[in-house]
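This report goes through the structure shown below, part by part.

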Amino acid sequence: MQNRGSIMIEKGIIKKLQEAHKVGKEAAFIFDRISDKKEESKSLEFQNYASKLFIERSKLFIAHHFEDIEESGWSAEKRKYFIQMLNLSEKLGVKHLVFKNSDRLSRNLEDLIRIKKMYENDGYFIHLYESGQKIHAGSTYDEKFILELLILVAKRHSDKISHDIKASNKYKLEHGIAPHAPIGYKYDREKRQYYFDPATESKLRYIFDEF
């Protein structure tokens with residue numbers, strides 16, 4: 001069952017599709033993603049500019065701009081906005097999907113299999129504006145192979161990060177170290193121990209003394 005937000009997005013896209021039809025342009029979805037909120041202001045701003053510039057040069061029409069912050073690409077289940085985009089593209093017939101690069105496109109095999117079916121069998125066009133690639137059913141074997149290879153390389157990178165984080169947290173657990181500093185504490189790397197954050201110490205001591 002769709003929530004109110006999803007319904008509003010779909011209605012907005014339908015309106016944009018009507019506008020695209022009036023001006024004789026093909027509709028496209030843009031998907032931008034960053035993995036760190038600290039990068040939001042500069043990275044998303046640049047991606048917005050670059051993707052819209054690409055759309056203008058390609059004579060396409062933006063039906064919707066999907067943005068995601070801190071969404072993991074490790075598994076398809078975690079990519080809520082990405083999956084929403086694919087579902088709406090299939091439902092509403094938006095055949096052009098625009099990404100910065102293959103890293104934004106996919107980091108897992110589930111996505112790769114679905115996207116490959118979309119451009120091989122269902123008439124989709126995958127645009128990577130950073131490299132200027134356009135993958136579709138008529139692309140050469142080498143062009144498709146390079147895209148799939150880049151996705152697999154990105155998957156390996158994500159798998160390695162996941163493995164390293166789990167190994168680090170396992171080590172901390174075995175040595176009695178909290179994986180993350182508790183609220184109100186900081187971590188001294190040299191002494192390898194937590195201490196009260198001076199900025200909140202008085203409040204924390206008050207709470208401990210009272211309760």
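## A residue in a strand

Gln-133 lies in strand E5; strands (E, at least two residues) and helices (H or I, at least four residues) are DSSP runs, numbered from the N terminus. The relative accessible area of Gln-133 is 18%, so this residue is buried. Buried stands for under 20% relative accessible area, exposed for over 50%, and partly exposed for what falls in between, with a 1.4 Å probe and protein chains only. From Gln-133 to Ser-102 the distance is 9.8 Å, C-alpha to C-alpha, while the two are 31 residues apart in sequence.

The model is predicted: local features need pLDDT of at least 70 and side-chain atom pairs count only at pLDDT 80 or more, while totals for chains, interfaces and linings use all residues. Residues are numbered from 1 along each chain as its sequence is written, and side-chain values use heavy atoms, leaving out hydrogens and water.

## The chain as a whole

Seven helices and seven strands make up the secondary structure elements of the chain. Their pattern, read along the sequence, is α-β-α-β-α-β-α-α-β-β-α-β-β-α.

The chain has 211 residues, of which 36% count as buried. A contact means heavy atoms within 4.5 Å. Taking contacts between residues at least 6 apart in sequence, 63% join residues at least 24 apart.

## The sheet

An open sheet is formed by five strands, with mixed pairing, in the order E2-E1-E3-E4-E5. Two strands pair if DSSP finds at least two bridges between them. At the edges stand strand E2 (60-69) and strand E5 (133-135); each has a single partner strand, so one side of each is left without a neighbour in the sheet. On average, neighbouring strands of this sheet are turned by 20° against each other, direction ignored. Strands of a sheet pair through backbone hydrogen bonds, either parallel or antiparallel.

Which strands does E1 pair with in the parallel sense? E1 runs parallel to E2, and nine bridges join the two. Ile-34 stands opposite Ile-69 in E2. E1 also pairs in the parallel sense with strand E3 (residues 96-99), over four bridges. There, Ala-28 has His-96 of E3 as its bridge partner. Eight of the nine residues of E1 are buried, so this strand is largely enclosed by the rest of the structure.

Strand E4 (residues 125-128) and E5 run antiparallel and are joined by three bridges. The bridge partner of Ile-126 is Ile-135 in E5. Helix H1 (residues 4-23) packs on the sheet, where it touches strand E1 (26-34) and E2; the direction of H1 makes about 150° with that of E2. Axes are lines fitted to C-alpha atoms, for helices over the stretch in contact, and angles between N-to-C directions run from 0 to 180 degrees.

## Helices H1 and H3

The axes of H1 and H3 are 12 Å apart, and the two helices pack at an angle of about 45°. H1 is therefore oblique to H3: angles under 35 degrees count as roughly parallel, over 145 as roughly antiparallel, 65 to 115 as roughly perpendicular and the rest as oblique.

From H1, the contact involves Ser-6, Ile-9, Glu-10, Ile-13, Ile-14 and Leu-17, and from H3 it involves Gln-84, Leu-88, Lys-91 and Leu-92. These residues divide by class into six nonpolar, two polar and two charged. Nonpolar covers Ala, Val, Leu, Ile, Met, Phe, Trp, Tyr, Cys and Pro, charged covers Asp, Glu, Lys and Arg, and the others, Gly among them, are polar.

## Helices H3 and H5

Helix H3 (residues 80-92) packs with helix H5 (residues 109-121) at an angle of about 20°, their axes being 12 Å apart. The two are therefore roughly parallel to each other. H3 passes H5 in a left-handed crossing. On the H3 side the contact includes Phe-82, Ile-83 and Ser-89, and on the H5 side it includes Arg-114 and Met-118. Five nonpolar, two polar and three charged residues form this contact of H3 with H5.

Leaving aside residues up to four places away in sequence, Ser-89 touches Phe-29, Val-94, Leu-97, Met-118 and Tyr-124. Ser-89 and Ala-27 are 9.9 Å apart in space, C-alpha to C-alpha, and 62 residues apart in sequence.

Methods. A crossing is left-handed if the near helix is turned anticlockwise from the far one by less than a right angle, and right-handed if clockwise.
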